Every structure is written in C-alpha cells, then in structure tokens.
Amino acid sequence: MGHYLTKPIEELASQMAFTPPDVRREQLDHAERLYWELEDDGSYPLDYVIYRLTSYRADGSDRPTILVGEALRRDLLQMVERVSETLDDSATRYEPAPLDLDGVCDRLGVTAKTISRYRKEGLFARRLAFGTGKRRRVKLAFLPDSVERFTAANTGRLSKARAFERIDDETRFAMILRARRIASRVTVSPFRVAGYLAGKYPHSTEAIRKMLIEHDRRSPRFAVFRDHTHPLTERQRRVIARAYRRGVKVSQMCLRFGKTRDAIYRAINHDRARALQEMSIRYVANPTFELPNADQVIMDSDLSASIEETQTPQEAEPLSAEQERTLFARYNYVKYSAEQTIADLDRLRPRAGDLDRAETLLRHARHIKQQLSRSYIYLVVATARRHLDTHTPMQNDALTDLIGEGNLILLHTIETFDIARGNRF
C-alpha cells in the first residue's frame, strides 16, 4: 500500500510486531474501530492514539505530538495489513471465515479494481494463509466485521456501484449506433464518447470505452473510430519525453505520432511522474510538519507563495541561531511536502499541477541547501587550514583536497542535521 505518512505510527507498528500474537490481534481490532471514529480534518494527540490501540497510557508531555486525521487514517489501514502479516495466521483460525478477494467482490458486487480503491478508503485487509501444505498461500483476506463496517459507512456508494451491470447485446448495439453518429460529426476520442454515454446508460466510462475499442478491433470494416490509433508504446513514450525536454513543440509530436495534444501531454506527465517517484528524498521528520497550519508555522506564509526562485548569494555570512533553525526547518519541510505530493500522484493520470508543485518544491529545497552550504563553507576552509598548519607544510594541492573532502561531509551533515535536538550546526 506504500509507505507510512506519520513516523510515530510507523515506529508503533514496528514495536507491535514483537508483542504476543493474541495482543497483536486485539490491537489490530482496536485500530479498525478507531479508524471509523476519526475525521479527516481532525487533529489527534499521539498519546491518545497509543492508548486507543494498546491500552497503555503514557505520561503526558508539555508539547504533545499531534497527528492529522487524514494521514492517521491512511496509516491505520496500512498498519493492519502489515502487522497482520507478521502473525503468519491461517484463515481457518477466524470465525466467521474471512473472505478472499473473489469472495469480497461477490459480497459487495464490484470488481477487483474497485476493491483496490476501497482498500484506501476504509476497507481493511489482512494477510492470511489459505490452504494447507503445498497449496498454502498467503493472500489478502477481509474479515466479515471489516466488510460490514465499510458497507454501513458507504451504503449509497455501494448501491450505485452495484448498478453497473454487464452490457447486454441490445444496449451494446444502441451504444455503438449512438457512438457512430457522434464520431461521424466531430473528431473525438473513444474516452470522450464513453464519458458521454456513461451519462445516458447505467455503465461506467471505462466499461463503455473498452466495449467500443473491442468492437472496432473485432470489426475493422465497421469501426466507429476509423482514425483511432493504438496506444503509445513504452519506447514511443520515452521518445516523446526526450523530445519535449529538448524543446520540440507538442504540435509537431502530434503530427509525428498521430495523437491528440492530451495524449502527448499524458505521455510527458507519465515520464515526469516516473522520474519523481524514482527519486530518494531524505528529510529529518518533525511532528510540526503534520500540523494543519504547518505552512504558516514553518514558512511564515502559504507554502505555494513562499516558494520563489531567487538568486543564491555569491557570499553568505554565518547564520545566527534563529536563522539556522528557520532554514533547516524549511529545508526539511519542503522536502517532506514534496514527498507527500509525489506519494499522492494519480498512478494512471498524474496531473500537471501536482507534478509542477513537486518539482518546484524540490527546486526550492536545492536552493535552501545552497544557502546552507555557502553559509558554512568557512567552517570547512578553517578546519582544513588548521589541519595543514598542525600536521603538514602548507600546500595548495593538499588544501584543495581537504576542502573537497570537507564539502562532501558538509553536504551529508546538512541532510541529517536535526534541529529538534537543540544543538547548533
């Protein structure tokens, strides 16, 4: 399901893996019940969350850690699935019997793809073993109580999902005629036509789009979309992304590949999203990052308004204690915000606005790191000179080598320095 959004919950999940199995199962049940009591826009003290999950009441601190409801709910979903895997439980030990993926699809009357979406929205899953001996397989399992809680909270939504039935022959024929009339008048994609028809018939846009594409594949002589081309290959996507980075106009790529501007931009955005998701973003976590007003507390304004490209000064003076705390807090918060934006990218259709925000955040992080490194370069030079004065005769080459090594250490230390410890850099 991805990574945890809150460090305290990740650490708590790691500790739960060492508790006795019966206690662990009880804690997972507590996590499910707590999930449905939380609000996305609520704020909850960490001590309260730990008490609800483990029945352990910690001593209250002067500055309690506050968790945001939306992030906490997502982490509880992940915690239940991951910690259940450490139990190595068999489905046979649960009564009533858990449902596998096919069973929950039949129970809710939806597809496996819909279940994947529901798992991020409150349908708790656990990892349990089905079968015995050589046929023993660890699979996703859904406890009946978990399914009932989700059903009770989403009655109207599930009723609407069940309304999407298989397309019968009569309805298919009527849809194809209607789609052909539309395609004969205007140049439009199968997706746009499917979206229009989804508003007229009780079927999803994707189901109608696949039906139209399958019709054209089986009957090319009577195709609805005669000019419709096949999806871009992975190689074509790479070529488009490389051409875009080199400044080739999108209109030229439309002619070259026979695709619409939307299709070309989708390929470009997929490449941008992949590059961001492959990056390793390291930051020093701080509970303040999860506050609802973190932008105002850390950046002194809205985050999007704070990120402005400015010229890095050629010379920087040593930082005061307050400047140091402010810059390090902003440096790690900007990287934290970038990681959250990247984690929330739509896997199928990443939005250009989200990609722009993530890339801008990372550029701003690089700018702050340049400020910090320029402000502390005097420490590297002074240490190198002092070392040479003490141990060896002063040599330019030796001084240059020492400053180069010191710069590497400086950059690494900037990445790992934690202002919460109260020390100066």
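Is glutamate 415 buried or exposed at 16% relative accessibility? Glutamate 415 counts as buried, where buried stands for under 20% relative accessible area, exposed for over 50%, and partly exposed for the range in between, with a 1.4 Å probe and protein chains only. The structure is a predicted model, in which local features need pLDDT of at least 70 and side-chain atom pairs count only at pLDDT 80 or more, while totals for chains, interfaces and linings use all residues. Residues are numbered from 1 along each chain as its sequence is written, and side-chain values use heavy atoms, with hydrogens and water left out.

The side chain of glutamate 415 meets that of lysine 369 in a salt bridge, at 2.9 Å from N to O; the term is applied to a side-chain nitrogen of Lys or Arg within 4 Å of a carboxyl oxygen of Asp or Glu. This pair links distant parts of the chain, since lysine 369 lies in helix H18 (residues 352–391) and glutamate 415 in helix H19 (residues 396–416), 46 residues apart. Helices here are DSSP runs of H or I with at least four residues, and strands are runs of E with at least two, numbered from the N terminus. Lysine 369, with a relative accessible area of 21%, is partly exposed.

By this rule the count comes to 26 salt bridges, and another of them joins the side chains of arginine 25 and aspartate 89, at 2.7 Å from N to O. Here too distant parts of the chain are linked, with arginine 25 in helix H2 (residues 21–35) and aspartate 89 in the loop between helix H4 (69–87) and helix H5 (101–108), 64 residues apart. Arginine 25 is buried at a relative accessible area of 12%, and aspartate 89 is likewise buried, at 5%.

Glutamate 10 and lysine 7 form a salt bridge whose closest N and O atoms are 3.9 Å apart. These two residues stand three residues apart in helix H1 (residues 7–16) and are therefore separated by about one helical turn. An α-helix has 3.6 residues a turn, so residues three or four places apart point the same way. Both residues are partly exposed, glutamate 10 at 30% relative accessibility and lysine 7 with a relative accessible area of 43%. Elsewhere, Asp29, Glu32, Arg126 and Arg149 are linked in a network of salt bridges.

Val250, Met253, Cys254 and Phe257 are buried in H13. They cover an arc of only 110° around the axis, which puts them on the same side of H13; the arc is that of the directions from the helix axis to the C-beta atoms. On the other side of H13, Leu255 and Arg256 are exposed.

The backbone has some features that deserve attention. Most residues other than glycine have a negative phi, and most peptide bonds are trans. In the loop between H4 and H5, aspartate 88 has a positive phi, with a value near 55°, and this residue is partly exposed, at a relative accessible area of 48%. Proline 96 also has its place in the loop between H4 and H5, and a cis peptide bond with omega of about -5° joins glutamate 95 and proline 96. Serine 55, which is not a glycine, has a positive phi of about 65° and is found in the loop between helix H3 (46–54) and strand S2 (66–68).
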